[in-house]
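Subject: Structure for you to look at, with notes

Dear colleague,

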Amino acid sequence: MSLVTTHILDTAAGRPAAGVGVRLETGAGEPVADGRTDTDGRIRDLGPDTLEPGVYRLVFDTGAYLGPDSFFPEVTLTFRIADGTEHHHVPLLLSPFAYSTYRGS
């Protein structure tokens with residue numbers, strides 16, 4: 001399993017959001033890895049097994065999933081990694097006009 005994993009739940013539809021593109025970047029915007037959510041809305045193999053401590057972000061291509069007129073064409077979640085060997089799960093709960101997140105396990 002990667003150091004950083006994610007999943008997206010479409011709270012309006014009540015199901016996982018499959019096929020959503022996600023990029024992992026450094027806080028300065030340098031690409032680290034990218035992937036696409038599976039049928040369960042998860043990316044289990046995003047990025048390396050270790051990362052340097054620092055600020056990172058996940059950039060979700062929500063516009064491709066929600067459609068061309070989506071209110072949130074992209075969602076960026078910025079988070080800090082203090083221990084570059086500890087697993088970080090960063091989920092996204094998504095609907096057409098709202099989103100939320102939390103530190104998962």
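This is a predicted model: local features need pLDDT of at least 70, side-chain atom pairs count only at pLDDT 80 or more; totals for chains, interfaces and linings use all residues.

Residues are numbered from 1 along each chain as its sequence is written, and side-chain values use heavy atoms, with hydrogens and water left out.

The whole protein

Along the sequence they follow the pattern β-β-β-β-β-β-α-β-β-β-β. The radius of gyration, taken over C-alpha atoms, is 13 Å, close to the 13 Å that the globule rule gives for 105 residues, so the protein is as compact as a globular protein of that length; the rule is 2.2 Å times the number of residues to the power 0.38. Along the principal axes, the C-alpha atoms fill a box of roughly 35 × 25 × 20 Å.

Of the 105 residues, 41% count as buried, which is to say under 20% relative accessible area, with exposed meaning over 50% and partly exposed in between (1.4 Å probe, protein chains only). Among contacts (heavy atoms within 4.5 Å) with a separation of 6 or more, 55% come from residues 24 or more positions apart.

Strand S1 and its partners

Strand S1 (residues 4-10) has six of its seven residues buried, so it is largely enclosed by the rest of the structure. Its pairings are given on the rule that two strands pair if DSSP finds at least two bridges between them. S1 runs antiparallel to strand S5 (residues 42-46), to which three bridges join it, and parallel to strand S8 (residues 88-89), with two bridges. Val 4 takes part in both pairings, standing opposite Leu 46 in S5 and opposite His 88 in S8. Three bridges also pair S1 in the parallel sense with strand S9 (residues 92-95), where Leu 94 is the bridge partner of Asp 10.

The antiparallel pairing of S1 with strand S2 (residues 15-16) rests on two bridges, and Leu 9 has Pro 16 as its bridge partner there. In the hairpin of these two strands, which has four residues between them, Gly 14 takes a positive phi near 70°.

Strands S6 and S7

Strand S6 (residues 54-60) is joined to S7 by seven bridges, and the two run antiparallel, with Val 55 standing opposite Arg 80.

Ala 98

Ala 98, in strand S10 (residues 98-101), is partly exposed, with a relative accessible area of 37%. Leaving aside neighbours within four places in sequence, Ala 98 is in contact with Phe 72 and Leu 93. The C-alpha atoms of Ala 98 and Phe 71 are separated by 8.8 Å, and these two residues are 27 residues apart along the chain.

With best wishes
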